[in-house]
Amino acid sequence: MRLRKNFRAKVKEWQRLPYVGPYDEVSEKKRSSKAGMMAVEKRAVATVHEFLNLTVEKMVEVEKISHFRKWFGFDLNIRDLFLDHPGIFYLSTKGKRHTVFLREAYERGCLIHPNPVYHARRKLLDLVVLGRHGLLTDELRSIASNKEAESLGQYDGETCISD
């Protein structure tokens, strides 16, 4: 990543801060100072990082994370948090929904280590799309079953297959 000079200084300052885990508590006393606010922000980043790691697709809508702000103990603007840490999170603003992705989980738009549930969801979605359009004739069923057999062999070796 190419970083501007002032942003590079902010990243260095961020990395010098001591690690604050997502399960650590931050006292109200610490929230009043600049260093305390940085610790609160670092804890918020660690918490959201942990939350995204626990999801199947390593992404979630920003509105859904906002619902957990009270439980996570955030007093920060969630969108600003994602925008301030582009090396950790990717914020997609496609359409009316904003989605946050965990950058380290994706490579070239595909999950690096997908969960088996992810593959099942993708296959189910493919079947729903085929069935909805009424395309499942006898000929296409045989093609779909051949394609499924091929994809099962490819999913063992690779994690992302582009059609």
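Begin by selecting strand β2 (residues 89-92) and strand β3 (residues 99-102), which run antiparallel and are joined by 4 bridges; strands here are DSSP runs of E with at least two residues, helices are DSSP runs of H or I with at least four, and both are numbered from the N terminus. Two strands are said to pair if DSSP finds at least two bridges between them. The model is a predicted one, in which local features need pLDDT of at least 70 and side-chain atom pairs count only at pLDDT 80 or more, while totals for chains, interfaces and linings use all residues. Residues are numbered from 1 along each chain as its sequence is written, and side-chain values use heavy atoms, with hydrogens and water left out.

**The hairpin and its turn**

Within this pair of strands, show Leu91 and look across to β3, where Val100 stands opposite. β2 and β3 form a hairpin with 6 residues between them, and Gly95 in the turn has a positive phi of about 70°. Select next Arg97, which lies in the loop between β2 and β3 and counts as exposed at 55% relative accessibility; buried means under 20% relative accessible area, exposed over 50%, and partly exposed in between, with a 1.4 Å probe and protein chains only. Leaving aside its neighbours within four places in sequence, Arg97 is in contact (heavy atoms within 4.5 Å) with Glu61 and Ser92. If you draw a distance from the C-alpha atom of Arg97 to that of Glu63, which is 34 residues apart along the chain, the separation is 8.3 Å.

β1 and β3 pair in the antiparallel sense over 3 bridges, and the bridge partner of Glu61 in β3 is Thr99.

**Helix α2 and its partner α1**

Keep α2 in view and select helix α1 (residues 5-16), which packs with α2 at an angle of about 85°, with their axes 11 Å apart. That makes α1 roughly perpendicular to α2, where under 35 degrees counts as roughly parallel, over 145 as roughly antiparallel, 65 to 115 as roughly perpendicular and the rest as oblique. To see the contact, display Glu13, Trp14 and Gln15 in α1, which meet Lys34, Met38, Glu41, Lys42 and Val45 in α2. By class, this contact of α1 with α2 has 3 nonpolar, 1 polar and 4 charged residues; Ala, Val, Leu, Ile, Met, Phe, Trp, Tyr, Cys and Pro count as nonpolar, Asp, Glu, Lys and Arg as charged, and the others, Gly among them, as polar. Also in helix α2 is Met37, which counts as partly exposed at 37% relative accessibility. Met37 and Leu76 are 39 residues apart in sequence and 9.7 Å apart in space, C-alpha to C-alpha.

**The aromatic pairs**

Select the aromatic rings next: rings of Phe, Tyr and Trp (its six-membered ring) pair if their centres lie within 6.5 Å, and planes under 30 degrees apart count as stacked, over 60 as edge-to-face and the rest as tilted. By this rule the count comes to 7 aromatic pairs. The rings of Phe51 and Phe68 have their centres 5.6 Å apart and their planes at 50°, so the pair is tilted. Phe51 lies in helix α2 (residues 34-54) and Phe68 in the loop between α3 (62-67) and α4 (69-72), so the pair ties together parts that are 17 residues apart in sequence. Phe51 is partly exposed at 21% relative accessibility, and Phe68 is partly exposed at 36%. The rings of Phe82 and Phe89 have their centres 5.1 Å apart and their planes at 70°, so that pair is edge-to-face; Phe82 is buried at 2% and Phe89 is buried at 1%.

**The whole chain**

Zoom out to finish: the secondary structure of the protein comes to 7 helices and 5 strands, and 29% of its 163 residues count as buried.

Key. Axes fitted to C-alpha atoms, helices over the stretch in contact; angles between N-to-C directions.
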